[in-house]
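Colleague: I'm new to this one, and I'd like to learn how to read its features. Could you walk me through a few?

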Amino acid sequence: MYIERQELANPERQALQSFVEGRDLLRQYRGSQRGDDLEQAKASFADAQQHDPSFALATFYLAVVESELRDSDSAIDRLEDLAKRKVDFLPETYLHLAYAHTKKYQNKHYDAAEKALNEAQKQATIMRRREMVPIIEAYRTFLFSVMGGRLKDERECERGKYTNDAIKLGNQLLRDRSVLRLPERDRAQVLFEVHNALGISYMRRGQQETEFSDQQRQAWELAEHHYDEALKLRTNATRVLQNIGTLRRAEGDQFARKGAMDEARPRYQEAFKHYRRSLDLNPRDQFPHYRLAEMAAKLGDWETADHFYDSGRREKGAVEKEKWERLRQAIDSQDASGLLAYD
């Protein structure tokens, strides 16, 4: 967005300068996926907001960056405040509010995310911004894919439904001619989100099938295909790298439960490699630290497991306390059998 003012007071001039710096760094991050670019973008947007608290677009981008840095609570607060202020970019505000809620990985936040996506679509319709609809639906596909693997407690029985909903919606978007008519950058964003979400969904469907069955193999081959397509669009996408690691981890766990460690070990090593690449790009997320510690434990490398356990506990994220405790127990006892999960 270009902002023009005839005369800028010094604080406003500094705010605009910092905003432009932050925007450029955020664009750079979207290509590099390097956490340093993200941290610097956050500092620039925070500086812009400090110099001009009424600079709504700076607040919006600060929230976007905070969400990427796994500070979802702060991002949610900022985006909810912008929604109350009825800013002129309400569809984007509700869209990123949905994403921030999704990344909390809790049942109530999934419901809040779906509500925010519905409001994003409503506002896009009111404002006659039809080009926003495909990206809103792409994020909905991502939300459903997450719910298909992570709904808990009394709602765990709904996982299969949301996995199927994500697959149906994602494939519809891949066939949607309106997506093909989008400008190249917008089209790439939609396709990236859809392919990543379909990868997650087929991975989860495979986990729900009988182990080592043809149905599972077919689902996991489709997951692999969609992850590959997502990486063609964003080579360094940390989310996709982590998801490929999770697929390899699921394959390894099946062999380990069967007692076939010679088959499990190369899968764990591949998972470790993908999680490590993700962490090297952006260490400001506890999830790859946690998974690296878990993979090291399953490979019997207890020193490395302990190292990534400690580094992960210092980062923000949504790994549950119970999982950290189970990992700590496995490391202390040098027994990884309790880590063979089905999630």
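This is a predicted model: local features need pLDDT of at least 70, side-chain atom pairs count only at pLDDT 80 or more; totals for chains, interfaces and linings use all residues.

Colleague: Which residues of α1 are the buried ones?

Modeller: They are Ala15, Ser18, Phe19, Gly22, Leu25, Leu26, Tyr29 and Ser32.

Colleague: Now for empty space. How does one go about finding it?

Modeller: The general idea is to roll a probe the size of a water molecule over the atoms, which shows where empty space is left. Here, the largest pocket has a volume of about 1,400 Å³. It is lined by 45 residues, and the closest to its centre are Arg30, His96, Arg185, Gln189 and Arg234.

Colleague: Which helices supply at least two residues each to that lining?

Modeller: Those are α1 (10-32), α3 (56-68), α5 (90-102), α7 (133-150), α10 (184-208) and α12 (238-257). The most comes from α10, with seven residues.

Colleague: And how do the lining residues of the largest pocket divide by class?

Modeller: There are 19 nonpolar, 11 polar and 15 charged residues.

Colleague: What about the second largest pocket: what is its volume?

Modeller: The second largest pocket has about 560 Å³. Its lining has 27 residues, with Tyr105, Arg150, Arg204, Phe287 and Arg291 closest to the centre. Two or more lining residues come from each of α7, α10, α12 and α14 (286-298). For this pocket α7 gives the most, with five residues.

Colleague: Let's finish with a single residue. Is Arg248 buried or exposed?

Modeller: For that you look at relative accessibility, where buried means under 20%. Arg248 has 14%, so it counts as buried.

Colleague: Where does Arg248 sit, and which residues is Arg248 in contact with, leaving aside its neighbours within four places in sequence?

Modeller: Its place is in helix α12. With those sequence neighbours set aside, Arg248 is in contact with Glu224, Arg267, Glu270 and Ala271.

Conventions. Residues are numbered from 1 along each chain as its sequence is written. Side-chain values use heavy atoms; hydrogens and water are left out. On a 1 Å grid over the protein atoms alone, a cavity is a set of points where a 1.4 Å probe fits but cannot get out, and a pocket is an open set with protein on both sides within 12 Å along at least five of seven lines; lining residues have an atom within 4 Å of a point. Grid points are joined across faces, edges and corners, and a volume is the space filled by probe spheres set on the points. Helices (H or I, at least four residues) and strands (E, at least two) are DSSP runs, numbered from the N terminus. Ala, Val, Leu, Ile, Met, Phe, Trp, Tyr, Cys and Pro count as nonpolar, Asp, Glu, Lys and Arg as charged, and the others, Gly among them, as polar. Buried means under 20% relative accessible area, exposed over 50%, partly exposed in between (1.4 Å probe, protein chains only). Contact means heavy atoms within 4.5 Å.
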